[in-house]
Amino acid sequence: MNVDTTHIPKKYEDAIAHWVKHNFQDLPILDKYWDKYFPTDDAFCLCAKMDLSTSKTIEVGDKKGQAKAEDPSELTEEAAKHLLAIIRAQASTEFGSIQQHQVTLERSPSDQDKFWVLRVMAEELRHGYQMFHMLTSRNWEKLAGVKTEDMVEDVLAMETGSHVLEAFNLPYDSFVDNVVFSGIIDRVGKYQLTMQKVCAYRPFAQSMPPMLREEAFHLAAGVVPMRRWLEAAAQGDAFITPLQIQKSLNKWIPRGLEMFGDERGGDTNVHLGFKDMKNAEAQSRYYAEVTKLLRDLNLRFLRARYPSKSPEDTERMLDAIVRERSAIDGTTYDDILKMPHRTFFRRRGEPAFLMVSVEGDPIKDVEEYIRHLAQVLPSAYLASRDMSQYRDLIRRVAAGEVTPEQAAKKSPVMKRKAESVCPCSKGVRWVDTDGAAEKLPQVATNETPPGGATFHAP
Amino acid sequence: MPVEAAEVTVRPLADVDIEAITRIDEKVTGTYRPDFWEDRVAYYLRRDPEASRVAELDGRVVGFMLADVRGGEFGLEETSGWIERFGVDPAIRGKGIGRKMFDALVTHFKGVGAHRVRTFVDTRQTETATFLKAVGFGPSALTALEISLDR
């Protein structure tokens, strides 16, 4: 990888700085304690990174073998508009996840978990910055029909509830969500970034490898705490249980599956050379990977609970519990993490608004289905506006008042975007065209952290 | 059935490899150390996932090589590729799996501007020392020294 770094124009950096002030208040803490938690790692750089070694030739699609576009003007109007929608959605996810993480970050049970998530958030900010580089380093105005400032403004104005993808519109209920989201939803991000490495628009393709490199740790920031929590649960810790983790998985995995797009689609991306896999194929690979991840987590749990059992005996025990759905040596089927069925709790795509149990069994009665959801989803999430709206919609689908397709278009009920979204009184826009500077927080210099101090939430 | 190295695929390290790496280490050392490997895999993933590799056979991880690229240590200013830990499932050794992972790492190291690959070896571990010699490692002017503090 031959990486070049660059910056976006100052007025957009200022807009991000202003956004950080309102949405990512803990960013300066990462700077202060970077060397304590990531002592040998390079300093964080809020900048755009371009992999210059990326292929100059289109790798997939109708124009395979031709030169990749270096400017939007070299794309057809259809392709440019399609790509612009992808960039907007990608940018939305980056800023959206920070807004979600920030709310429950302080509830982290350990400082390490907190700083790992904090680093994830900072790198998501860099990914958002990267997408702004895509929007601001070339002229999209003719194609988009709006000014560059307005495209940036549009993304920064989004809040939890008004983002492009549903996974970024659900508030976190607890720090379990911070961790499960990193392990489950960021994994979809890995697949999208990997597919986009071939993109026929070269600046976008060049953006992917550095983002992927950072995304790998984001997944670990989800998986490692889950493994540790399961170990503790196996040894008797009653605070974070497999059941709590399972319920959070049931909340996020359906949203993750939908992030791949409708199972019947994805052809356009491949034809245009923007991605190298269709939606269903990518989703299937993701589903298989998460299934394997859950098996590994179960093995971690069982080996901690039965340290004298051999690895082979533990695997046999896990297989028997799953196969027979019975208790063995005190471990029940409910103690084991299970992959929700692909059609469970879906609102988009082929199985949208089907009423099936978490294990894929059809449920005919809508009230019975709602009671099932109440059993398998996190209790704090059940009390959310999102669930209230979903319950209303599924009842209307069951009554034949709306079709699943119509319901899919209504879900989620987005927050109405206000004209002025910045909460401070200084201005009505994030992008200040009058040039009132907001200083961008300096992130992760190599300052020496306070020696020997035990860090607790400041 | 004999396993040909050609069936083995080598790819960058990922979070989902933790369990398999822990298992390979357990087979080699006889010790189950999940916490240790969780920390090490997280460390290498945040450094550079491309600089560490795993080998897969029929979709199963059968080997790993954890490494990174760094400089400025031990008075060495030049950027070097450092291999810290590696292992291959004992049941399928001798099939060129370690060599494949090493070759992939060398390609990556060259690509990011490193001119040298370094590691430390306990010469009492003859199998490890033999492997490193076979892939081209030779004595270095840099010698590991130690002093016991228990005297």
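**A buried pair and its surroundings**

Analyst: Both A:K251 and A:D177 are buried, where buried means under 20% relative accessible area, exposed over 50%, and partly exposed in between (1.4 Å probe, protein chains only). This is a predicted model, in which local features need pLDDT of at least 70 and side-chain atom pairs count only at pLDDT 80 or more, while totals for chains, interfaces and linings use all residues. Residues are numbered from 1 along each chain as its sequence is written, chains are lettered from A and ligands numbered from 1 in the order in which they are written, and side-chain values use heavy atoms, with hydrogens and water left out.

User: What do the side chains of A:K251 and A:D177 form?

Analyst: Side chains of opposite charge can pair when their charged atoms come close. The criterion for a salt bridge is a side-chain nitrogen of Lys or Arg within 4 Å of a carboxyl oxygen of Asp or Glu. A:K251 and A:D177 meet in such a bridge, at 2.9 Å from N to O. A:K251 belongs to helix 9 (residues 242-258) of chain A and A:D177 to helix 7 (residues 175-195) of chain A, so the pair ties together parts 74 residues apart in sequence. Helices (H or I, at least four residues) and strands (E, at least two) are DSSP runs, numbered from the N terminus.

User: Which residue forms a salt bridge with A:R316?

Analyst: The partner is A:D313, with the closest N and O atoms 2.6 Å apart. Both residues lie in helix 12 (residues 311-324) of chain A, 3 residues apart, about one turn of the helix. A:R316 counts as exposed because its relative accessibility is 52%, whereas A:D313, at 35%, counts as partly exposed.

User: How many salt bridges does the structure hold over all chains?

Analyst: The total over all chains is 64. In chain B, the side chains of B:D122 and B:R124 meet at 2.9 Å, N to O. B:D122 has 30% relative accessibility and counts as partly exposed; B:R124 has 70% and counts as exposed. Bridges that share partners also join A:R227, A:R228, A:E231, A:R300, B:E19, B:D35, B:E38 and B:D39 into one network.

User: Which residues touch the most other members of the largest nonpolar core?

Analyst: A nonpolar core is a set of buried Ala, Val, Leu, Ile, Met, Phe, Trp, Tyr and Cys residues joined through side-chain atoms within 4.5 Å. The largest one has 154 residues, and A:F24, A:L125, A:F132, A:I184 and A:F204 touch the most other members. Helix 8 (residues 202-234) of chain A supplies the largest share, 16 residues. Apart from this core lies another, of 20 residues, including B:V8 and B:F137.
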